[in-house]
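Me: I am learning how the terms used for a protein model are decided. Could you take my questions one at a time and set each value against its definition?

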Amino acid sequence: MAECGLLCELALLVAVTASAARALPVHAAQRAGDQCGYQSCPATRPAMLNVHLVPHTHDDVGWLKTVDQYFYGGRNYIQHAGVQYILDSVVAELQKDPARRFIYVETAFFSRWWSQQSQSTRNIVTQLVQEGRLEFVNGGWCMSDEASTHYSSVIDQMTLGLRFLNDTFGECGRPRVAWHIDPFGHAREHASIFAQMGYDGFFFGRLDYQDKEHRMKTKEMEMVWRASASLNPPTADLFTGVLPNGYNPPPGFCWDQSCSDDPVQDDPALEDYNVDELVGKFISISKAQAALYKTNHIIMTMGSDFQYENANPWYKNMDKLIHYVNAQQANGSQVNVLYSTPSCYLQELNLANQTWPLKSDDFFPYADGPHSFWTGYFTSRPALKRYERLSNSLLQTCNQLEVLGGPKSRSGPFGKGDSDTMKRAMAVAQHHDAVSGTEKQHVADDYAKRLAEGWARCQVLVSNSLSVLSGSEVPRVFCENLNISVCPLTEGSKMFSMNVYNPLARPVSWSVHLPVNGTSYNVTDSSGNVVDSQVVPVSKPTQYVRRGRGYAKYELVFQVQAPPLGFSTYSITLLKAGGTPAEPERRTPVSMENKYLKVTFDPSTGLLSELTNLETQQSIQLTQNFYWYNASIGNAESSQTSGAYIFRPNSSTPFAISKKPNIYTLQNSVVQEVRQQFSPWVSQVVRLYEGSRELELEWTVGPVPVEDGFGKEVITRFDSNISSAGYFYSDSNGREVLERRKDYRPTWDLIQTEPIAGNYYPINSRAFIKDDKAQLTVVTERSQGVSSIYNGSLEIMLHRRLLRDDYRGIHTAHLAQGLVLQPLLSFQEGAPKPTTKLEFSALQAALPPAVHLLTLSQWDSESVLLRLEHQYESGESKAFSQPVTLNLQKLFSTLEVLGASEMSLAANQWKEDMTRLKWNPSDGEGVEPLWAGLGDPSPSHITLNPMEIRTFLLRVRQR
């Protein structure tokens, strides 16, 4: 089962997802004598082909085993891997020769290993880092997925990892290179984030096979990626390189204990003496690789998944390889091999002073063969995707209330709470085999358990903070299963209050559904005004899904409002316990409407037929239905099956689940509903609230039946009379929007081999189609897959249940399970005491519509981290795509801002200290700035340009 609320309307909806992260401290100054970073790079030979060997390990933060199992080496019958032994062994081997190098990526693992080391080992490692022999690349808590992650969570997890490195190693711990060697496609917003964090370059391993073939022919494996259409170049420009062998060594040169390649056998008396053969083979491979790249420098990744558990065979054989290959220079060879790192390789490319091709789209979708499009994982495990997204919102609330409630939030009347547990759980969940849905079931369970444990610690913090801010120490209840109408307090109480906390920096109106058993209630707001409320029966699909977890017969429905960055309190009193509220009628209404929208239904089918924006008097013909693609189990053309990663339908025509669902209608003063039952396992509520500009579609899918032997990929499709002409638009990680075009790629001539799967893209928050008259936007509350196969259509994959593995590593039939949680409300038994503060806002005034408060997080006892972002793109809105100026000193009502210092996006550098390598893109001449001459009017007044995120360390005290 999975549920989703989709909002569709005629005008573009800008998604505002609130999140926050604990930021990194100010970096320590680099110590005199440190030779880290670019200063530590080995000498190269200008007149030769320089081969940079990069020893590395790729350590998944969960996949076939859990994070803990991977670290300790548990359950090796699943996969032999133990990260602690990798780091032990590498540190020992690096000490044997100062020329040796190693890079490490996943701070989640390194920080745990570091915490277990003796001071003497820490001293050795610190020296290796200061000398550049052990180099951190990427440096986030994990290597995040790029399709299913939201930008706020990506920033959070990078910030968490980089903070640890700065705390531990200072400037020498700061990575210069972003390194995403395994994610399955690459998002433009990720590149923009990396650029704004100060990275000089970005390397990745997976590239569509057709794209790679084209780039190898044209020597465009390395480029400048212009990752924003709104930020002035080169703010979001990022040098980007495609690695030659994914992230593996060249064939025949893997010397891990898990490999079977021959070692370098250099005793001439040996029958298996192979130095000449290996040297010749290596030189040949090097020259072939160099023919695909633009300079006399190439990179080779010497390592792979969980390698170097025994680092000795690797280094012993690489030492010999370097020695014997370079010895051939005396015989005229022009190949020079050296231990290196990605940053040292990057520096040589920069010194080459080349002009590099420019890229402005993204790297989705990714295919590694004609029938192997990695577009299924955009939707895999939809319940985990929803839980992760909800957890992001909960973490933001937790971070904000930690700041607003002060020290008592962490230790108060309800015990000790913290936000760190949730920060770490959310950071792990961003891993490219976590929220992506490509992990084994027991690993998915472990991710969910970590999020639940994080929220339990945050609940204590939130309760403490709300106690401070409201003055009430009455225990609070958090009902986490409201989406299936389960909340014991509301179900059984005759009088209770509800606190609504708004994490956004603008006032927001929400509709709430509370499970109850009475038939009439009195609801009053913080000012004592009666709020219109209605009682409606719990739907049959919801009763089926919740099983025995709750006993509420009805839902109490009403609208609530809360001030910006604050809360309001509602009092609910039972008026009538008996009787029966109005039951839904079994009929199709002609239409339902409020003052903003009119929704028309086809009386013969019960499906949507038209949507009208009453403010603009625009109408579009619009139908919506549910379908399923039959998942391939392989055929004569290809043995490729659909699986957790790969989407491959048997046919381009999906099966309609029902062309005429059973219809029930319910209308009252608060909400109008059309309940559609398409089959025993698919239902939907089409819902229009009074005063709402959006139409809400809440679907319930599952359990998906497979007794017929067919795996099913379930979609919902909107068909309209919009002339979209093969174009549609989808967001990148919830931020900027990219244009998509059917059967087309902007940078190469596509040979389309999968007409459905090859046209799917990730959606994190919104997608739309448009023509010169109208626009249809769909906003989702989790990451999914989206496409536009037909003119005027938009389809979203909701759920997948497959019977075969797709042979991409997890070796299990994928089963998405559904438990969806809804936004935070808290409840207290009885009426509020007269001394209770019923309404609160931490802001002096709501922020302007274009501005979003992205991060408000505790830094130390006197400082907080603040991120503000402009949430409109350049040219998106005449009214709002303009610079906005704010006064930081007049932002908060409860915090006095004593000082502000601007930092990098990752909060690991002062903004004024940020310097990045400069590159020459192919159109580098004459690029006009989008916004010129708009600096800050004063130190306390800051200006945000479209799509700009600015990060500040504020020194504050409570007013």
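This is a predicted model: local features need pLDDT of at least 70, side-chain atom pairs count only at pLDDT 80 or more; totals for chains, interfaces and linings use all residues.

Me: What makes G198 stand out after α6?
Reply: G198, which follows α6, has a positive phi, near 100°. Residues are numbered from 1 along each chain as its sequence is written, and side-chain values use heavy atoms, with hydrogens and water left out.

Me: Why is R800 called buried?
Reply: Buried means under 20% relative accessible area, with exposed over 50% and partly exposed in between (1.4 Å probe, protein chains only); R800 has 1%, so it is buried. R800 belongs to strand β37 (residues 793–801).

Me: How do you know that the side chain of R800 makes a polar contact with G643?
Reply: A polar contact is a pair of N or O atoms within 3.5 Å, where within protein one must be able to donate a hydrogen and the other to accept it, and residues adjacent in sequence count only if both atoms are side-chain atoms. A polar atom of the R800 side chain lies 2.7 Å from the backbone oxygen of G643, and the side chain of R800 also reaches the backbone oxygen of I646, at 3.1 Å.

Me: What makes α6 mostly covered?
Reply: Nine of the nine residues of α6 are buried, among them R188, H190 and F194.

Key. Helices (H or I, at least four residues) and strands (E, at least two) are DSSP runs, numbered from the N terminus.
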